[in-house]
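Biologist: Please put the model up. I would like to go through the terms used for it and the values behind them.

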Amino acid sequence: MTRRRLLGALVGAVATAIGVALAVPAMAFLSYPARRRTVYGGGEPIDVASLASLPDGKPVRIVVTAPERRDAWTRFTHVTLGGCWLVRDGGDVRALSTVCPHAGCAVDWDAPTGAFVCPCHDSRFSTTGERLSGPSPRPMDALAVELHGGRVRVAWQRFKTASVKKEPV
Ligand code: FES
């Protein structure tokens, strides 16, 4: 082997090593979202109302908004997660998702009959969320509630529809 060919092979080997050393972390960086959970924020209990503002026994519809959410490299603020009904019972508060467990329509409150009603296929629920009638396969989905210092916090979550089991999506 001539000196020129030896030098050429050496330069080629060094260039290949540098290329691999740069490519591996670059590929890891670019494929990062595909390998990991990328959405952060919004799963924790979020402040939605003061306890004093909720009338006893009368459902109040509120919108749960996450102050911040991250998806891969993007940061969003004030992200609307969904709605829920808050039902105060003395010093306790129950949070029921507005998403109907049947097919996902928005469940409304029907004051004259004192029941939650889904307008799509007429499922009806009590103020505790129990199914009274209609095709819904389960009660309204209760959400985790925290009461702290006179404030109400709700952990908003979406669940599979058309299923007897309450499974998070
Ligand atoms: S979507 Fe609510 S009853 Fe069908």
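Biologist: What share of the contacts in the protein chain with a separation of 6 or more comes from residues 24 or more positions apart?

Modeller: The share is 50%. Bear in mind that this is a predicted model.

Biologist: How do you know how the radius of gyration of the protein chain stands against that of a compact globule?

Modeller: For 169 residues, a compact globule would come out near 15 Å, but the protein chain has 26 Å. Its C-alpha atoms fill a box of roughly 95 × 40 × 20 Å along the principal axes.

Biologist: Which domains are assigned, and what separation do their centres have?

Modeller: Domain 1 covers 3–30 and domain 2 covers 39–155. Over C-alpha atoms, the centres of domain 1 and domain 2 are 57 Å apart.

Biologist: How many helices and strands does the protein chain have, and in what pattern?

Modeller: The protein chain has two helices and eleven strands. Along the sequence the pattern reads α-α-β-β-β-β-β-β-β-β-β-β-β.

Biologist: Why is Arg-61 called partly exposed?

Modeller: A residue needs 20 or more other C-beta atoms within 10 Å to be buried, and 12 or fewer to be exposed. Arg-61 has 14 C-beta neighbours inside 10 Å, so Arg-61 counts as partly exposed. Over the whole protein chain, 19% of the 169 residues count as buried.

Biologist: Where does Arg-61 sit, and which residues is Arg-61 in contact with, beyond its neighbours within four places in sequence?

Modeller: Arg-61 lies in strand S3, residues 60–71. With those sequence neighbours left aside, the contacts of Arg-61 are Gly-83, Trp-85 and Thr-98; a contact requires C-beta atoms within 7 Å.

Biologist: What makes S6 and S9 the edge strands of the open sheet?

Modeller: The open sheet has four strands in the order S6-S7-S8-S9, with antiparallel pairing. Strand S6 (108–110) and strand S9 (131–133) each pair on one side only, and these are the edge strands.

Biologist: How do you know that S6 pairs with S7?

Modeller: Pairing requires at least two bridges between two strands. Three bridges join S6 to strand S7 (residues 115–117), so S6 and S7 count as paired, and they run antiparallel. Within this arrangement, Asp-110 stands opposite Ala-115 in S7.

Notes: Residues are numbered from 1 along each chain as its sequence is written. This is a predicted model: local features need pLDDT of at least 70, side-chain atom pairs count only at pLDDT 80 or more; totals for chains, interfaces and linings use all residues. Domain bounds come from an automatic or database domain assignment. Two residues are in contact if their C-beta atoms, placed from the backbone, lie within 7 Å. The radius of gyration is taken over C-alpha atoms; the globule rule is 2.2 Å times the number of residues to the power 0.38.
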